Amino acid sequence: MEHIDRKELYTSLAARIQYIHSFLDFNADDVQALTVGAKYIRSLIPAVVNIVYKKLLMYDITARAFTTRSTSYEGPIDEMPDENSPIIKYRKMFLRGYLQKLCSDPSRMEFWEYLDKVGMMHVGMGRKHPLHIEYIHIGVCLGFIQDVMFEAILSHPRLKLEQKTAIIKALGKVLWIQNDLFAKWYVRDGEEYAGDMDDPEIEQEGFLHGKRIVDPEKLSEEDESDGGGCPFKGMAAQTAAAGEASKIPKVVPHITPRLAAGFTRTAPVETKLPTPPVV
């Protein structure tokens, strides 16, 4: 029986991650599956971002967080944002960057530090202008993202069943670890060790330990160069290079209606970052 130091679970992120990795059997096979699946996951990101924000703007309680910076505020609101609001365009940039980060190297501690910081920043800590999002909305949003991404991966026609299984298992573990790294900032378990925890570092969004991790402007330029369209269109070029272009249908049948809806775009992506009401 392996001993787990309870205090370390709340005072050491490395110890917490090591324990969760061990419990979930997150290992080199999962890292390899994520490495292989990264190109497929990246191609989903523009559609997933649009789908998620359509969902968030369907409910007043989640939509008001973009103007009040809190889901618990119930006072008067001047104006509800829509998909064309500067703050929504700005927030989409960072969700896009976050999903890109999920495609980076999970064998590095920086990967998990960033996921932990994402959790911290939603409870009013580590930001010059605090953001307070109640856990219920965090949980369902993360579950929604998982549902959309799993559906797209499972419906992919050129991935073998064992590849789909490996990617789904690995990505599912990462998302559940992210869920824990959200929950750790909300639940009161281990609060008796609060005095032994490091004080959160206040930084600009997209930075970790003074280094830029997410660059929304750069991501915006990459999206514009892609021009939107089918989230798996890059695969066609790869397959054509292998001499199999004739096998690829003009209409890609594996794109689900929900995923296709996320690619509706009425105007090119702006390369200049819109100025939000409050950063």
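The side chains of Lys 184 and Asp 116 meet in a salt bridge, with 3.3 Å from N to O; the term covers a side-chain nitrogen of Lys or Arg within 4 Å of a carboxyl oxygen of Asp or Glu. Lys 184 sits in the loop between α9 and β1 (207–208) and Asp 116 in helix α7, so the pair ties together parts that are 68 residues apart in sequence. Helices (H or I, at least four residues) and strands (E, at least two) are DSSP runs here, numbered from the N terminus. Asp 116 is buried, its relative accessible area being 10%, where buried means under 20%, exposed over 50% and partly exposed in between (1.4 Å probe, protein chains only).

A word on the model itself: it is predicted, so local features need pLDDT of at least 70 and side-chain atom pairs count only at pLDDT 80 or more, while totals for chains, interfaces and linings use all residues. Residues are numbered from 1 along each chain as its sequence is written, and side-chain values use heavy atoms, with hydrogens and water left out.

Asp 116 also turns up in another pairing across the chain: its C-alpha atom is separated by 9.9 Å from that of Ala 183, 67 residues apart along the chain. Ala 183 belongs to helix α9 and is buried, at 16% relative accessible area.

In total the structure holds six salt bridges. One of them links the side chains of Asp 180 and Arg 16 at 2.8 Å, N to O. With Asp 180 in helix α9 and Arg 16 in helix α2, this pair ties together parts that are 164 residues apart in sequence. Arg 16 counts as buried, with 10% relative accessibility. Another bridge brings together the side chains of Lys 101 and Glu 110 (3.2 Å, N to O). Both ends are tucked away: Lys 101 counts as buried at 12% relative accessibility, and Glu 110 counts as buried at 16%.

Zooming out, the protein has 12 helices and two strands, and from the N terminus on its elements run α-α-α-α-α-α-α-α-α-β-β-α-α-α. Of its 279 residues, 45% count as buried. Among contacts (heavy atoms within 4.5 Å) with a separation of 6 or more, 75% come from residues 24 or more positions apart. The accessible surface comes to about 15300 Å², with 54% of it belonging to carbon and sulfur atoms; such areas come from the Shrake-Rupley method with a 1.4 Å probe, and for residues only the protein chains shown count as cover.

What about the inside? The largest nonpolar core has 61 residues, and the members touching the most others are Val 48, Val 52, Tyr 98, Leu 99 and Leu 115. A core of this kind is a set of buried Ala, Val, Leu, Ile, Met, Phe, Trp, Tyr and Cys residues joined through side-chain atoms within 4.5 Å. Helices that each supply at least two residues include α2 (13–24), α6 (86–101), α7 (109–121) and α8 (135–154), but α3 gives the most, with 15 residues. Sequence neighbours up to four places away aside, Leu 99 touches Ile 45, Val 48, Val 49 and Ile 145.

Leu 24 is found in helix α2 and, at 30% relative accessibility, counts as partly exposed.

The loops have their own points of interest. Asp 25, in the loop between α2 and α3, has a positive phi near 55 degrees and counts as exposed at 51% relative accessibility. Arg 69 has a positive phi near 65 degrees, but this residue is buried, at 15% relative accessible area. The loop between α5 and α6 holds Arg 69 and Thr 71. Thr 71 counts as buried at 2% relative accessibility, and a polar contact of 2.8 Å joins its side chain to that of Glu 134. Such a contact is a pair of N or O atoms within 3.5 Å; within protein, one must be able to donate a hydrogen and the other to accept it, and residues adjacent in sequence count only if both atoms are side-chain atoms.
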